[in-house]
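Hi,

Here is the structure I said I would pass on. Have a look at it first, and then read my notes below.

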Amino acid sequence: MKRKLIALLTVGALAVSMMSAAVYAEETPTADVASEDENTLSVYAWDANFNIPALEAAEADYQKNVNPDFKLDIITQSGSSDVENAVTLAASAGDYSTLPDIVLFQDHYFQQFHLNYPDAWQDLSTADVDWSDFGAEKLSYSTIDDVHYGAPVDNGTAIMAYRTDLLEEAGYSIDDMTGCTWDKFIEVGKAVYEKTGKYLLCMDGSGNDLPYMMLQAEGESQFTDGAPTFASNEKYNKIIAAIVTMITENVLYLGNDWSDYVDQAIVGDMVAGVLNGNWIIPSMELVEENTGKWAITSLPTLEGGEGYAANGGSSLYITANCSKPELAVDFLAHTFLGGSTETYDAALKNGGVITCSSKAGASDVYQEGVDFFEGQAIYADIVKMGANVPVVEQSDYHYQCRQYVGTAIQNLVAAGDTSPEGVAAALEDAQGQLEFEMEG
């Protein structure tokens, strides 16, 4: 689940981590955190209200159906960055014994961490599972040279949610928005703001995931063969121009930071639409008076037609320190990787974790209507949408790219410039800065 994602560690930060490895060793227990008990596996995770209940559901499932003596020792971290730092520091010290048997890891981060520390991970090749049960896009994060390393946990599929009562007030319906163009979206957004005073979309100004999702819905990436190519991408130029237009025309609210985006725009009830990974749903549901007023559908696209994208999500990885890889693989194969309905039904009910498995997504629990979304079976719909998310090239510099493009958007908004020339120049500058950082 994408909570408050941090920027990936820079080369300088890695150097500091290496110099501080000895200090870390003194401050951190040197005992092997991987369990020595033959029936126990240790795991790092970080969200007591989300992914930890999912792990507890998997533990109960495996105990009931495979091994009653099994125990999952869940070691709670304060955030995903703790897990990333633990791997970095262990690798810098040349000692993986400080790692647990399994770690929960953010999808967007794994490929760089595998590149930097290829010996920190054990593959899942021996797992007897149907990999085609998962969407290709989800697996693309954790599959390297045709080797599977990750067991998908939470589904990062993006939703486009609308307040249907506010659409109706402006003369539109959810059907009008399904498969619409971004030009049509802007037209509707203007009408909604005029009639209701609410924005049809919002975006975190410090995060700026929106451009990535909009481009992925077009089936394209910001990178080509590892190099940033977004400045010369015609669709991306149109996307950035559309975003700037939406901000200047009161269609899109640009939050100052994550808190402004969630607390003011979404929970503060400023918006008639939300586009993000489906993990944003619990934040939307905090506004209880809006129960029965929301519906979800696919994303708009530049030329029209239903678009699909993803944002966030995590998977489980077996570390080099795991001395019981057979048990770890079997546990994952019977629960998350096996698309177990027992695991995922409980994970959804207790923590809101939505499966990436088509098999698990077909359960009766997933087919149930959700009152907050007009009785729509949104969880089954999200799993189906996830299977359609296109695979696009990922980059180790995903978050740095997001930062530079976000600055370009803010500069264009400040200048009130949506001209093709202005957008092109801003993106050229952003790409130049990213290329400079990558070369360094």
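Let's begin with helix α15. The elements that cover its buried residues include α3 (51-65), β7 (150-154), α16 (364-367) and α17 (378-386). Keep in mind as you read that this is a predicted model.

Which residues of α15 are buried? The helix spans residues 341-351, and the buried ones are T343, Y344, D345, A347, L348 and G351.

Both ends of this helix have a detail to look at. At its start, S340 has a side-chain oxygen within 3.3 Å of the backbone nitrogen of E342. Just past the other end, G352 has a positive phi of about 80°.

The other element I looked at is strand β8, residues 158-163. All six of its six residues are buried, so the strand is largely enclosed by the rest of the structure. That holds for both faces: A158, M160 and Y162 are buried on one side, and I159, A161 and R163 are buried on the other.

Which strands does β8 pair with? One is β13 (residues 273-277), which runs antiparallel to β8 and is joined to it by five bridges. Another is β14 (residues 294-297), also antiparallel, this time with four bridges.

Cheers

Note on methods
Residues are numbered from 1 along each chain as its sequence is written. This is a predicted model: local features need pLDDT of at least 70, side-chain atom pairs count only at pLDDT 80 or more; totals for chains, interfaces and linings use all residues. Side-chain values use heavy atoms; hydrogens and water are left out. Buried means under 20% relative accessible area, exposed over 50%, partly exposed in between (1.4 Å probe, protein chains only). Helices (H or I, at least four residues) and strands (E, at least two) are DSSP runs, numbered from the N terminus. Two strands pair if DSSP finds at least two bridges between them. Contact means heavy atoms within 4.5 Å. A polar contact is a pair of N or O atoms within 3.5 Å; within protein, one must be able to donate a hydrogen and the other to accept it, and residues adjacent in sequence count only if both atoms are side-chain atoms.
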